[in-house]
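Visitor: Hi! Could you walk me through this protein model?
Guide: Happy to. Let's look at it together.

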Amino acid sequence: MVHKNFTMALLAATVGACSPIPTKDALPEREPIPAQETSNTQSTDTPTLVATEESLPPENIWDRLRRGFQLNHHTSDPRVEDYIAYFSRNEGYMARVTQRARRYIFHVAEALDQANMPLELALLPIVESAYDPFAYSHARASGMWQFIPSTGRSLGLQQNWWYDGRRDVHESTRAAIKYFNYLTERFDGDWELVLAAYNSGEGTVRRAIERNRRKGLGTRFWDLKLPRETRHYVPQLLALAEVVSHPEQYQVPLHDVANQPYYVRVDVGSQIGLAQAADLAEIEIEELYLLNPGYNRWATDPNGNHQLLIPIDSHQQFESALKLLPKNQRVTWQHYTIVRGDTLSTIARDYQTTVSAIREANKLRNNNIRAGTTLLIPSASGPAGQYAYALDQRVRHRQSSEHGQKTRYTVQPGDSLWAIARKLKVSVKALASWNSMAPSDTLRPGRILVAYGSTPDNNSRTTRKVSYRVRSGDSLYRIASKFSIRIDDILRWNKLTKSKYLQPGQRLTLFVDSAGNQRKLF
């Protein structure tokens, strides 16, 4: 876990991350690289041919990074050598992670260049998250740069039900550079100490420096007694920079990435459904989510800044189509008639939206509603499977990969994670992991938790996604009654309208209680 301590007067918080690269103890025995093959990027013995090439524009992003490297890579240090050996042996990992970086790394390098920072930092998201903007650690760190909630907020990253700026590619990079600027001032431009502080916290590094100073010892990064993870964190980055400097020498494949923009930032001007936006841009919704991982749900934040990253080849098509689409048609609306017992919170949960969004759409002054009244509800336009990268769907996918009997538990007033874990006979750590939360997170009554390997009790149930073939004589009412589900859910899951007739043989996607409906499925 990466732990960072931000002590600026106005910005006091902590950052965490999980490194996807093993520590030295987990590495295979090192094969020393011959001395004549190692190099230091600070060497002054640059061939004349290289100087000539540097007068030309970089051919690809890796060439651009090499030209912007400023740090001493310490290739003779055993820890750096160990990681160089690791990357050399794991060609598949480097190929995958550099392929994943292709959407983002040009824009990260561009931002670092504008801030006049070493371009080695463009490789730091590999150490932090393997360049996965959806990466999440059990310490609650999220995004490419792995900020925890408090540090994200301190750096201006908004976080709410609709949106998490820690995963926003553009905004999180801006925040990381802001944090680097702060740390360089605190450590007089010593980038090795800056990186150590980014990982373990400014206070941790300062205390290590003071201990050595009192003992008359050195105060460079390599002299300090720091947490084990931090001692390996800086060498990982330096080793990455070294293998990117000489990929052929170390036999490390790098995915070919052009030195040009991948996306354009577009101000949409209003809330828009992500499926709708993908259709306008004529791209797959998966591509839109990968460029806009900050959005937690099926649409942009209704009260946010309405920025979308669109592939550069599609942005003109997107902007032209957007101009023709009125703002009131940019999300799908459902009409819902309130029944006795409904509350705005239960309706919002059923339609994957928020109470505030429903109140705003219906110009309600408070949360009071009356049975028989019809509400206008903003809702997802497509079936759940279309939003595979939305937060809820990613949690479900992670859970579906687990083994053992699945149990769903509804949080009750007064419950704690410890009490629930004990009741379900699982560990608190496992329960938190299955539900993408930290053990210290607050539980709200009504939230559904899942666990694996335990026996369901009366408060738990198991759901199953099924493909139902419409039979002759079927109607929406009959199917909903048969499986104890709602007609509105069937319509939403299958992108249907009530006016559209069902056809025998038609396939519907349903999410049903498999325990209560097992006989009805066949």
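Guide: In helix 3, Phe-87, Ser-88 and Arg-89 meet Glu-91, Tyr-93 and Met-94 of helix 4. Contact means heavy atoms within 4.5 Å. Helices (H or I, at least four residues) and strands (E, at least two) are DSSP runs, numbered from the N terminus. This is a predicted model, where local features need pLDDT of at least 70, side-chain atom pairs count only at pLDDT 80 or more, and totals for chains, interfaces and linings use all residues. Residues are numbered from 1 along each chain as its sequence is written, and side-chain values use heavy atoms, with hydrogens and water left out.

Visitor: At what angle do helix 3 and helix 4 pack?
Guide: Helix 3 (residues 78–89) and helix 4 (residues 91–100) pack at about 85°, and their axes are 5 Å apart. The axes are lines fitted to C-alpha atoms, for helices over the stretch in contact, with angles running from 0 to 180 degrees between N-to-C directions. The two helices are therefore roughly perpendicular to each other, a label for angles of 65 to 115 degrees.

Visitor: New topic: which residues of helix 15 are buried?
Guide: In helix 15 (residues 315–323), they are His-315, Phe-318, Ala-321 and Leu-322. Buried means under 20% relative accessible area, exposed over 50%, and partly exposed in between (1.4 Å probe, protein chains only).

Visitor: Why do they line one face of the helix?
Guide: Seen down the axis of helix 15, the buried residues fall within an arc of 130°, so they line one face. That arc is taken from the directions from the helix axis to the C-beta atoms. An α-helix has 3.6 residues a turn, so residues three or four places apart point the same way.

Visitor: And what do those buried residues pack against?
Guide: Strand 3 (263–267), helix 13 (274–281) and strand 4 (307–311). The face turned away from the buried side carries the exposed residues Gln-316 and Lys-323.

Visitor: Is His-74 buried or exposed?
Guide: Buried, with a relative accessible area of 18%.

Visitor: What about Lys-363, buried or exposed?
Guide: Lys-363 counts as exposed, at 74% relative accessibility. Lys-363 also has a positive phi of about 50°, and its loop lies between helix 17 (355–362) and strand 6 (374–379).

Technical notes: Parallel < 35°, antiparallel > 145°, perpendicular 65-115°, else oblique.
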